[in-house]
Amino acid sequence: MNFSNEITQWYSNNKRDLPWRNTTDAYTIWLSEIILQQTRVEQGMPYFYRFLEHYPNVAAFAAASEDDILKLWQGLGYYSRGRNMLTTARLVNELYKGTFPNQYEQLIKLKGIGEYTAAAISSFSANEAKAVVDGNVYRVLARYFGISEPINSTKGKKLFQETANDILNHDNPGLHNQAMMELGAIICKPKSPACGICPVNIGCHAFLNNATTQLPVKLKTVKVRERYLNYFLITDGEKVLMNKRGMKDIWANMYDLPLIETSEKPDPYEVVQLSEAVEYFGSDAEVIEVSGPLTHILTHQRLKVNFIILKSKGIKLKQEWFYTEVENLKNLAMPQIIFIFLTNFFTFKNNFPFSN
DNA sequence: AACGCGGGGTT
DNA sequence: AACCCAGCGTT
């Protein structure tokens, strides 16, 4: 038995029953693949069901608004995925009359679809002979063949893609690709891999040389930036003052609260004295209550967040600010920390959340 | 080639 | 705290 036969047989007997594996519909597979980019299966699963229910085909997706998509995407992170999907859905609806393409060369041109995703959709949907290389495959290949080239260097990416191409089973590329990823997810795990029950342990360089902890090799990532975000909760009757974020920075085009960012750890009461605050809130602005700082961790940023309840007579609205009914908050896509704060605040009005 | 982009789970 | 997750787009 060769490598591919071993893992595909193992896969057939041990695979998880995942909803996107029961179809060859390119639209459905596209949906699942974008959701699963840098996202664990368990985390993406409920979003997959939700999106499929709201948008059962590409025409339905194309008809959605960006606000709709971002709201449904809320909590999943990497929101550009959702915005890129909308671009792609609208293009596909025009260009291919609502039939999602399943050929690599067409897929790779679409926004949000890179080498991995184009290979995944084309091999799963049309059995096209393109090898997938995701985080799982990097790990399996590095260990099995003893490849110590960093997986995130340009040279490494090329080498791993070539290696994946070399061992691809051309008789059933879709099955082979699924098996590679499943092996990485279930057996060849990052920590404490289950080498004892691995179908290809005989022949695995890392297993034979007790080197699973050294492989794969990955170049150091950049350091985390600290930011201090001071959010203001300003109400007017049953309305809340909200902010629509721009295209730069995190949480593009999503909704949060009026914000003043400071370069150093601030005293919330002094933030209100800053000229920027005085300009918009007036010098008579009064701090009612403060909670924070809360720490919100992103991959490359550590956010220290203050929430400041403010009362003021003369608010001067910035262009991106608008009042909205509390009832309408459920329609706005917000970063998790904002969503949780507002949910708690308006659920426990008399009991300020996160006070410390 | 390097960087930016979320949120959550595991070790 | 470090690392990882069915990566991709921009600079």
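How far from a base nitrogen of DNA strand B does a polar side-chain atom of Thr299 lie? The distance is 2.7 Å.

The model is predicted, with local features requiring pLDDT of at least 70, side-chain atom pairs counted only at pLDDT 80 or more, and totals for chains, interfaces and linings using all residues. Residues are numbered from 1 along each chain as its sequence is written, chains are lettered from A and ligands numbered from 1 in the order in which they are written, and side-chain values use heavy atoms, with hydrogens and water left out.

**View 1. Protein surface around DNA strand B.** A residue is near a strand if one of its heavy atoms lies within 4 Å of it. Around DNA strand B there are 23 residues, of which Thr154, Trp251, His296, Thr299 and Gln301 come nearest. By class, this surface has eight nonpolar, 11 polar and four charged residues (Ala, Val, Leu, Ile, Met, Phe, Trp, Tyr, Cys and Pro count as nonpolar, Asp, Glu, Lys and Arg as charged, and the others, Gly among them, as polar). Of the atoms of DNA strand B within 4 Å of the protein, 61% belong to sugar or phosphate and the rest to bases.

**View 2. Phosphate contacts of DNA strand B.** An N or O atom in the side chain of Tyr79 is 3.0 Å from a phosphate oxygen of DNA strand B.

**View 3. The hairpin of strands E6 and E7.** Strands E6 (residues 286-297) and E7 (residues 301-311) run antiparallel and are joined by nine bridges; two strands pair if DSSP finds at least two bridges between them. Three residues separate E6 from E7 in this hairpin. Glu286 has Lys311 in E7 as its bridge partner. Strands (E, at least two residues) and helices (H or I, at least four) are DSSP runs, numbered from the N terminus.

**View 4. Protein surface around DNA strand C.** Among the 28 residues that surround DNA strand C, the closest are Glu33, Gly112, Thr117, Asp134 and Arg139. Sugar and phosphate account for 73% of the atoms of DNA strand C that come within 4 Å of the protein. The residues of this surface divide into nine nonpolar, 10 polar and nine charged.

**View 5. Contacts with bases and phosphate of DNA strand C.** A polar backbone atom of Gly112 is 2.3 Å from a phosphate oxygen of DNA strand C.

Definitions and conventions
Polar contact = N/O pair within 3.5 Å; in protein donor to acceptor, adjacent residues only side chain to side chain.
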